[in-house]
Structure formats: structure tokens, C-alpha cells
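Try each task yourself before you read its solution.

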Amino acid sequence: MIAAAAAAAAADAFNIRRALLSSVDFLLLCRMALNSCCSSRSFALNTRDMFGKREACQTVGNVSLIPSQCSLSKRVLMPNCRRALVGIFAIASQNHQSSFSTSQNPIGSSESALILIRHGESLWNQKNLFTGCVDVPLTKEGVEEAIEAGKRISNLPVDIIFTSALIRAQMTAMLAMTQHLRKKVPVILHNEDVRAESWSKIFSKVTEDQTIPVITAWELNERMYGELQGLNKRETAEKFGKQKVLEWRRSYDIPPPNGESLAMCAERSVAYFKKQVEPVLYDGQNVMIAAHGNSLRAIIMYLDKLTSQEVIDLELSTGVPMLYVFKEGKFIRRGSPIGPDTIGVYAFTPDLAVYREQLENTIL
């Protein structure tokens with residue numbers, strides 16, 4: 001009886017696998033299901049990223065089929081994952097698909113941490129020039145600000161980092177993470193083409209587990225200042241008048257010549273936050289965003305439900321982290337924007353306090 005049952009089970013498994021991998025009717029049904037549950041027409045599942053064993057999956061066209069008995073942790077899926085049918089998963093194609101497995105949420109299943117950091121002082125900040133989307137690095141002072149920001153968040157959980165496409169934000173994120181107690185290494189994902197992805201692959205699982213994926217996005221860039229970029233701010237005020245320059249800099253919906261208004265910057269940065277960052281937080285991962293004064297003001301406007309007038313008056317210091325907790329679909333601010341000479345004291349939630357204590361006990 002036992003042998004017969006085992007043989008029947010083996011036959012069933014073989015039939016299921018054969019059906020999964022070769023049935024044309026089943027594939028058509030799969031595609032119908034995928035189209036019904038996802039908005040994107042293109043799907044891809046990088047089996048290397050999801051499983052230790054490549055043979056667990058089989059890719060047919062642009063759909064990957066996974067035997068239903070394979071375990072798949074929700075934590076290792078990126079936010080656009082949808083379950084179509086038993087035994088089938090698909091991920092809508094995105095440029096930022098991660099080749100890193102993320103850890104279980106260390107601060108509790110009901111909340112995630114969101115850290116926002118405006119980049120440190122740049123060389124053009126120092127020279128009092130309009131910078132916008134010109135890619136300028138940090139000054140020595142900016143490097144020190146980024147390191148100090150890292151010290152302030154050294155005992156907060158970080159599973160994934162988002163930055164703008166500009167070097168000053170990326171430098172800030174990288175330098176800040178050199179101070180983190182977990183000593184994980186931030187690694188920028190290069191998925192812009194097949195060669196970039198292939199050449200940047202990590203072949204050690206141990207090393208990979210000690211990394212934090214860094215996703216860069218132009219949508220998080222500083223607002224584009226148009227024809228003001230590279231101009232001295234004082235000389236520009238003398239040329240066009242202080243009131244006109246103040247209007248360009250501080251109004252919500254009036255852009256500088258051939259540039260972006262804050263409203264235009266908010267449209268792209270908040271849309272990106274909703275589409276790419278929020279799903280990661282919903283999945284229980286802890287996020288850090290290193291970006292710019294205007295893109296972060298726009299995101300804070302969304303998080304805190306500020307009016308257009310309130311966001312105009314919002315000042316963000318360079319290199320000062322802000323902490324939010326995402327819980328039950330709501331953002332709760334735990335650390336307010338503060339001046340550069342003030343040491344921020346975050347109001348830790350009970351879960352964050354436990355994480356901090358466990359982390360410090362582990363290190364010490």
C-alpha cells in the first residue's frame with residue numbers, strides 16, 4: 001500500500017510538472033490569468049534572484065512557471081509581484097528588480113521604518129550657485145554631514161535604499177551607511193542593460209547577504225532650475241530682481257525659465273514614491289531615501305498632507321535625517337526637520353526600541 005501510494009504521488013508530481021511545463025492549453029490559461037491580475041503586459045521572473053535552485057523553475061517565453069510545492073517567501077519578491085494561479089508567479093518587468101534577498105522585518109510585522117535624508121552640502125551650494133539637476137559632488141563639509149547623518153541612524157533598520165540619479169545624493173547614502181552598526185554594504189543595482197546586470201553580479205551568497213540594494217531614480221532628482229542652473233544666486237537677484245527670483249524659488253507652481261516648479265517636481269517624485277517605495281513599505285521592508293530639498297519636500301507634503309503654502313515654508317537642513325513609521329497604511333512622523341546645530345532625538349516606537357537594543361547588544 002505504501003509503495004503504491006508513493007508511486008501514485010510520484011506520478012501525480014510528474015503529471016503536474018509536465019502540465020506546468022508543456023501544456024499549451026495551460027499556458028494560455030496562465031497568460032489569461034496573468035493579464036487579468038497585472039496591469040503590465042510584460043512579465044519576467046529572474047529565477048536566480050528568487051530561488052537557490054535554478055531547476056525549481058522553468059521559463060516559457062516571458063512567463064516563468066514555478067511548481068506550486070516550491071516555497072516562495074513574500075519577502076524576496078519586489079512590490080509588483082502578483083499571484084496568478086497555484087504554482088505560478090510573475091513579476092511585472094521593472095528596471096529596478098533586485099538581485100538581493102531582503103531580510104525579515106526586524107521591527108515587527110505591523111510597521112516599517114522610512115528614513116529621509118537631504119544630501120550634504122555640495123560644491124555648488126558652497127559657491128552659492130543654482131544647482132538643480134547638474135551633477136555636482138559633496139564638499140568636505142557635505143561629506144562630514146553625511147557621516148553625521150549616518151551616526152544618527154546607525155541603530156535604525158535599513159533593508160533597501162532609494163536615491164536620486166545625482167552623485168551628491170548617492171554619496172550621502174553611501175557615506176551614511178558606513179556608520180551603520182550592521183555593517184552591511186550598500187550596493188547600487190545596475191540593471192540598465194544585460195551586460196551591466198551580468199558584470200555587477202555577486203557570486204558569493206554570504207557576501208550578497210551582507211549587502212543592501214541601492215536603487216537610483218531620476219524621479220527623485222532635485223527640481224530642474226532651467227536657465228538658472230550654474231548662475232550665482234546673488235547676481236541673479238541683482239539681474240532679475242529679488243522678488244522675481246524669490247517667486248521662482250519659493251512659489252509652488254511658478255517655474256523658472258525653462259525649468260520646473262515645485263508642483264512639477266512633486267508630480268514626478270510623489271508618483272515614484274507611491275509606485276515604487278510604498279509597496280516596499282507595505283511588504284514590511286525598511287527604507288532609506290537620500291534625495292534633495294525639493295523632491296523630499298514634495299514627498300513630505302504627501303506624507304504629512306501639507307498644503308501648497310505649508311510646503312513652501314518647509315525648510316530641510318542638509319544631512320539631517322527624518323524618521324517616519326509606516327503602520328496600518330499610515331505614515332507617522334517620529335522626527336521633525338530640525339536645524340543643523342540641533343541633534344535630533346527620535347521618538348522610537350516600542351518595536352524600534354527593541355530593534356535598537358538587540359542590535360546594540362549584538363554589536364557590543
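Predicted model: local features only at pLDDT ≥ 70, side-chain atom pairs only at ≥ 80, totals over all residues.

Residues are numbered from 1 along each chain as its sequence is written, and side-chain values use heavy atoms, with hydrogens and water left out.

**Exercise 1. The whole chain**

Task: find how many helices and strands the chain has, and what share of its residues is buried.

Solution: 
- Start with the DSSP runs (helices are H or I with at least four residues, strands are E with at least two, numbered from the N terminus). They give 14 helices and eleven strands.
- Next comes burial (buried is under 20% relative accessible area, exposed over 50%, partly exposed in between, with a 1.4 Å probe and protein chains only). Of the 364 residues, 46% are buried.
- Now the surface (Shrake-Rupley method, 1.4 Å probe; for residues, only the protein chains shown count as cover). The accessible surface comes to about 18200 Å², and carbon and sulfur atoms own 55% of that.
- Last, contacts (heavy atoms within 4.5 Å). Take those between residues at least 6 apart in sequence: 72% of them join residues at least 24 apart.

**Exercise 2. Rings and charges**

Task: classify the ring pairs F130–Y225 and F273–Y302, then see what surrounds F130.

Solution: 
- Set the rule (rings of Phe, Tyr and Trp, the last by its six-membered ring, pair if their centres lie within 6.5 Å; planes under 30 degrees apart are stacked, over 60 edge-to-face, the rest tilted). The structure holds seven aromatic pairs.
- F130 and Y225 are 5.4 Å apart centre to centre with 45° between the planes, which makes a tilted pair. F130 is in the loop between α4 and α5 and Y225 in the loop between β8 and α9, so the pair ties together parts 95 residues apart in sequence. Both residues are buried.
- For F273 and Y302, the centres are 6.0 Å apart and the planes at 65°, so this pair is edge-to-face. F273 sits in helix α11 and Y302 in helix α12, 29 residues apart. F273 is buried at 1% relative accessible area, whereas Y302 is partly exposed at 27%.
- Follow the ring pairs onward: they link F273, Y282, Y302, F326 and F331 into a cluster.
- Back to F130. Look for charges over rings (NZ of Lys or CZ of Arg within 6 Å of the ring centre and within 35 degrees of the ring normal). The charged end of K233 sits over the F130 ring, 5.6 Å from its centre.
- Finally, T236 in helix α9 is buried at 3% relative accessibility. Leaving out residues up to four places away in sequence, T236 touches F130, L228, L231, G241 and V245.
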